[in-house]
Amino acid sequence: MKFAKRVSETQNAGLNDLYTAPDPQQISFAGGYPDPAMFPQAELQAAMDHAMANPAAFQYADSWGYRPLRDQLATMMQADGIETSGEHIMITQGAQQGIDLTARLMIDPGDGLVVEAPTYLGAMAAFNQYEPNYYEVPMEDDGMDLVALKKILMTHSVKMIYTVPDFQNPTGTVMSLEKRGALVRLANQFDVLILEDGPYRFLRYEGTSLPPVKSFDTQGRVVFLGSMSKILSPSLRLGWLIAEPEIMAGIEALKGAADVESSALIQRGVTEYLAHVDFPAHLTQLQDTYRDKRDVMLDALQKFLPADYSVTEPNGGFFLWLQGPTGLDMTQLQRDVLLPAHVSVVPGRNLAPSHTTQNGARLTYAAPAISDIEPGVRRLAAALSHAAARVQVK
């Protein structure tokens, strides 16, 4: 039996880097999971119980999503700088479905697609199915290199730009205010759609929140994706997509063909939760918890990391970026040194289409217990210190 080509394209994306074999001794800095202690289980249970009392929660519903929830999300987005309404929001199966639907809408085989390098592994797994021509834009301290982007747009045909401007996955960097406006102007100039992935926008731990790229949109060419996975619970599989009517019409048709609708029961339960719980207070608790975890990881890395390694210092989100010496193969290091030392990261090789980001790795401080972070960093640092003897560094 011969499977479609898209199956192998997805299998080869490297998603297995996020998950390692079960090991009770392992401390994982790999998977971008939220801290399970932060799930508001009792409040969600009460909200779901209330939703289940209504028989309508068990019936087919609107493919766009439950309108009261869309209105609640519109209010959140308006407060965050996006002028929108419930009629311009669609509920998705997490932001991941929004990535897939937008790529399916825009990308035919051979079409140009710009991504940050490095970028989110799951996005590339979705994009690979549609066989784009990738163009990589290097990351700078304040977001993607727009000089490099403009050169690409001037010399190649590009349909879409994918960006995670807030606490980027995997580097943790934030796109500057100036670059956000400039990115939209470039998209207008070269007739390109921007896919703005914003799962970490509400997880800023210090500093001033910057407006979404979508807030600079003057021609309806920015699609914004939000998600409850990092701020409420991943198992809800609840995300949302904001776009202009022309784009939404295509997305609606594709979503209907894919899954008909997102779960009405889950949407009604989340609506009840948002209506009766102090959600801003919940977000503050998340921010405080993850700030503490980030600080523990950064302190430990400062103490124990070998001198020829560096890390980013994010002001929010889940991740920081570990950079090793030139010539280091972090994938080989993970296999031969880190996993035997019972610690894991996400090697950078599969975090860019060209697979050339060999000497970097993504670390998360969100999922591990705070008591495991320093011991895990000690293991990581010890393994890195002994890497030269076991891994060939060119």
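Two strands pair if DSSP finds at least two bridges between them. By that rule, β11 and β14 pair in the antiparallel sense over five bridges. This is a predicted model, so local features need pLDDT of at least 70 and side-chain atom pairs count only at pLDDT 80 or more, while totals for chains, interfaces and linings use all residues. Residues are numbered from 1 along each chain as its sequence is written, and side-chain values use heavy atoms, leaving out hydrogens and water. Helices (H or I, at least four residues) and strands (E, at least two) are DSSP runs, numbered from the N terminus. Strands of a sheet pair through backbone hydrogen bonds, either parallel or antiparallel.

**The eight-strand sheet**

- Eight strands form an open sheet with mixed pairing. Their order is β2-β9-β8-β7-β6-β3-β4-β5.
- The edges are β2 (89–92) and β5 (143–144). Each has a single partner strand, so one side of each has no neighbour in the sheet.
- Helix α6 packs on this sheet and touches β3, β4 (133–140), β5 and β6. Contact means heavy atoms within 4.5 Å.
- The direction of α6 makes about 160° with that of β4. Axes are lines fitted to C-alpha atoms, for helices over the stretch in contact, and angles run from 0 to 180 degrees between N-to-C directions.

- Strand β6 spans residues 160–163. Met160 and Tyr162 point one way, Ile161 and Thr163 the other way.
- All of these residues are buried. Buried means under 20% relative accessible area, exposed over 50%, and partly exposed in between (1.4 Å probe, protein chains only).
- β6 runs parallel to strand β3 (residues 112–117), joined by three bridges. Valine 115 stands opposite tyrosine 162 of β6.
- β6 also pairs with strand β7 (residues 193–197), in the parallel sense, over four bridges. Isoleucine 161 has isoleucine 194 of β7 as its bridge partner.
- Between β6 and β7 the chain passes through helix α7 (residues 177–190), and this β-α-β crossover is right-handed. Right-handed means that, with the strands pointing away from the viewer, the path from the first strand over the helix to the second runs clockwise.
- Tyrosine 162 has leucine 195 as its bridge partner in β7.

**Helices α6 and α7**

- Helix α6 (residues 146–155) packs with α7 at an angle of about 5°. Their axes are 11 Å apart.
- That angle makes α6 roughly parallel to α7. Angles under 35 degrees count as roughly parallel, over 145 as roughly antiparallel, 65 to 115 as roughly perpendicular and the rest as oblique.
- From α6, Leu146, Leu149, Lys150, Leu153 and Met154 take part. They meet Lys179, Ala182, Leu183, Leu186 and Phe190 in α7.
- Eight residues of this contact are nonpolar, none is polar and two are charged. Ala, Val, Leu, Ile, Met, Phe, Trp, Tyr, Cys and Pro count as nonpolar, Asp, Glu, Lys and Arg as charged, and the others, Gly among them, as polar.

**The four-strand sheet**

- A second open sheet has the order β10-β11-β14-β13, with antiparallel pairing.
- Here β10 (310–311) and β13 (346–347) stand at the edges. Each has a single partner strand, so one side of each is left without a neighbour in the sheet.
- Two bridges join β10 to strand β11 (residues 319–323). Valine 311 has leucine 322 of β11 as its bridge partner.
- Helix α10 (residues 279–304) packs on this sheet and touches β10, β11 and β14 (360–364). Its direction makes about 15° with that of β11.
- Leucine 320 has leucine 363 of β14 as its bridge partner.
- β13 and β14 pair over two bridges, in the antiparallel sense. Proline 347 is the bridge partner of alanine 361 in β14.
- Five of the five residues of β14 are buried, so this strand is largely enclosed by the rest of the structure. Gly360, Arg362 and Thr364 point one way, Ala361 and Leu363 the other way.

**Two buried residues**

- Threonine 119 lies in the loop between β3 and α5 (121–128). At 1% relative accessibility, threonine 119 counts as buried.
- Not counting residues up to four places away in sequence, threonine 119 touches Met124, Tyr162, Gln168, Asn169, Pro170 and Leu351.
- Valine 223 sits in strand β8 (residues 222–227). Valine 223 also counts as buried, at 1% relative accessibility.
- Valine 223 and isoleucine 247 are 24 residues apart in sequence, and 8.4 Å apart in space, C-alpha to C-alpha.
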